[in-house]
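Work through the exercises below with the sequence and the structure side by side. Try each task before you read its solution.

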Amino acid sequence: KVTNITRPTEGTPVAAGTEATTGTVVGKYFQQRYQIDALRRDREALQEVLKRAQAGELAVDAYQTIPSVRTSPDIQKALQELSVAEAELRNLQYRYTDEYKPVQDLKQRIGTIRNGSIPAYTAALVGALRAQEAQLGKEVASATVELRQIPNRSITENRLLRDVETIAGIHADLQRRFEAAKLAEASAIPDVRILDPAVMPDKPTSNSAPRLILMAFLASTGLALGLAILLDMLDKRFRYPEQVTNDLGLSIFGAIPAIKNLKSGKEDLAEASHVVEAFRTIRLNLVHSYGAAGPVLLTISSPGPGDGKSLVCSNLALSFAEAGYRTLLIDGDIRRGELHRMFSAERIPGLIDYLMRNASIDQVLRGTTHKNLTLLPSGTRRHHGPELLGSGAMSELMSEVKSRYNVVLIDSPPLGAGIDPFVLGTATGNIMLVLRAGETNRQMAETKIRLLDRLPIRVLGAVINDVRTSESSYQYYSYVYGYVADEDTGPKLVEGPKDT
């Protein structure tokens with residue numbers, strides 16, 4: 001039935017539920033198929049006539065045998081104009097020769113209609129017939145799917161009707177049995193009687209509350225421990241010092257504690273002294289890690305932004321200056337460097353201006369409030385700044401500053417910001433990373449350190465920033481409170497007489 005329902009037949013047996021619509025649907029379906037066949041025949045006939053017209057054999061009578069031409073006003077009008085023009089031409093040729101101007105104009109008009117207007121209208125009609133044929137084809141395809149579902153619906157309808165009849169018979173049988181049971185109960189003599197009525201108990205036979213509370217406590221504790229371990233495994237940020245030494249294989253030069261009071265605007269000398277001691281520790285470890293030969297050349301960077309590398313770099317430079325080292329602080333972040341704001345200095349001219357040969361080294365160096373600390377700002381922003389950092393002018397700058405200063409610190413962009421920190425690291429040959437506790441991504445840090453291993457750069461170690469010393473993992477990085485030295489006011493020396 002599914003296969004033959006779309007084929008012409010004298011009658012298609014269907015179920016009672018679909019009889020009302022089958023005649024209309026099937027009739028419309030075969031009518032559309034007939035229309036498709038008629039459109040295809042007209043289109044093929046028009047294409048054949050158009051082909052003959054393009055070969056110069058236009059047969060006007062052939063158009064009249066195509067039904068679609070009768071519904072095309074443009075072709076009918078063109079054919080009528082052609083017939084009238086040809087009749088006028090015959091009348092003129094009966095009286096005049098072909099050299100007569102009206103005869104020539106009429107011939108030209110007839111040629112335009114034959115070779116231009118009629119083929120153009122014919123091609124347009126062929127396109128319209130093809131579009132109608134495609135549209136009807138889609139409708140017939142959709143109707144074919146719908147008609148092929150009729151037998152399945154008929155089968156489903158008959159099955160459901162049989163199920164209804166079966167269930168109705170079961171219901172009637174159960175109703176009869178129910179009535180018979182009620183009648184038997186009413187007519188039977190009861191042989192069961194109540195001896196003792198049921199009594200509600202006053203207390204439970206056993207108390208399981210302590211066991212349930214203990215089980216709930218153990219389950220919640222285990223769940224909490226498991227959740228804590230799972231969160232620790234999924235956390236990709238630095239949380240413990242062991243993650244720096246074991247996972248990254250870096251030495252920890254020091255830990256910068258987080259100062260809450262100073263951030264809120266309150267003075268706390270004890271917490272400030274902890275920060276100073278932390279930078280003194282970093283300075284000591286750095287000097288001994290670097291060695292005694294030559295000045296200290298170091299690039300300071302971090303895996304990502306917001307780790308506090310500029311803060312560490314500037315304060316470490318101040319710590320070296322306080323220790324008596326002639327220190328140069330270079331702002332190597334040529335994209336977003338802000339060290340000139342920290343020291344209230346002008347940004348231009350700076351590092352990029354020197355590398356572009358637009359300024360001398362003495363013009364780009366800036367003095368600070370500390371006599372031993374000099375600042376070299378980033379300078380003018382340039383798109384080709386990374387290329388300038390790897391130029392020969394950068395090597396000349398490093399050779400010049402090595403002869404002037406004991407310590408040269410370069411604040412570079414983050415490792416994930418581009419090629420700048422890698423170029424600056426090759427310029428100094430040494431790099432130190434700043435990792436922010438609870439913020440820096442471990443996977444990103446591992447990836448960037450692997451890139452550093454391929455370059456001639458020695459990774460000296462790492463500094464952990466923003467450490468909460470109250471946490472157990474960082475408690476040994478804190479310092480003893482109340483052990484701050486007070487300034488003594490000693491007696492003033494009396495100046496002796498000057499030599500004359």
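Helices (H or I, at least four residues) and strands (E, at least two) are DSSP runs, numbered from the N terminus. The model is a predicted one, in which local features need pLDDT of at least 70 and side-chain atom pairs count only at pLDDT 80 or more, while totals for chains, interfaces and linings use all residues. Residues are numbered from 1 along each chain as its sequence is written, and side-chain values use heavy atoms, with hydrogens and water left out.

**Exercise 1. The whole chain**

Task: State how many helices and strands the protein chain has, and what percentage of its residues is buried.

Solution: Begin with the elements, of which the protein chain has 18 helices and 8 strands. Next, recall that a residue is buried when its relative accessible area is under 20%, exposed when it is over 50%, and partly exposed in between (1.4 Å probe, protein chains only). By this rule, buried residues make up 37% of the 500 residues in the chain. Finally, consider contacts, meaning heavy atoms within 4.5 Å: among those with a separation of 6 or more, 76% join residues 24 or more positions apart.

**Exercise 2. The largest nonpolar core**

Task: Find which residues touch the most other members of the largest nonpolar core.

Solution: A nonpolar core is a set of buried Ala, Val, Leu, Ile, Met, Phe, Trp, Tyr and Cys residues joined through side-chain atoms within 4.5 Å. The largest such core has 30 residues, and L46, Y63, V69 and I118 are the ones that touch the most other members. Two or more residues each come from α1 (19–54), α2 (60–64), α4 (73–95) and α5 (101–148), and α5 gives the largest share, 12 residues. Now take L46 by itself: leaving out residues up to four places away in sequence, L46 touches Y63, I66, V69, T122, L125, V126 and L129. A second, separate core has 28 residues, including V275, I282, F343 and V434. As a general background, nonpolar side chains tend to be buried together in soluble globular proteins.

**Exercise 3. Salt bridges**

Task: Decide whether the salt-bridge partners D37 and R40, and then D466 and R436, are buried or partly exposed.

Solution: A salt bridge is a side-chain nitrogen of Lys or Arg within 4 Å of a carboxyl oxygen of Asp or Glu, and a search of the whole structure finds 13 of them. In the pair D37 and R40, the closest N and O atoms are 2.8 Å apart. Both residues lie in helix α1, 3 residues apart, which is about one turn of the helix. D37 is partly exposed, with a relative accessible area of 29%, and R40 is partly exposed as well, at 30%.

Turn now to D466 and R436, whose side chains meet in a salt bridge at 3.2 Å, N to O. D466 lies in strand β8 (residues 458–467) and R436 in strand β7 (residues 430–436), so this pair ties together parts that are 30 residues apart in sequence. D466 counts as buried at 10% relative accessibility, and R436 is buried at 19%.

A further pair, D163 and R159, has a salt bridge of 3.7 Å, N to O. These two residues are 4 residues apart in helix α6 (residues 150–187), so about one helical turn separates them. D173, R176 and R177 are linked in a network of salt bridges.
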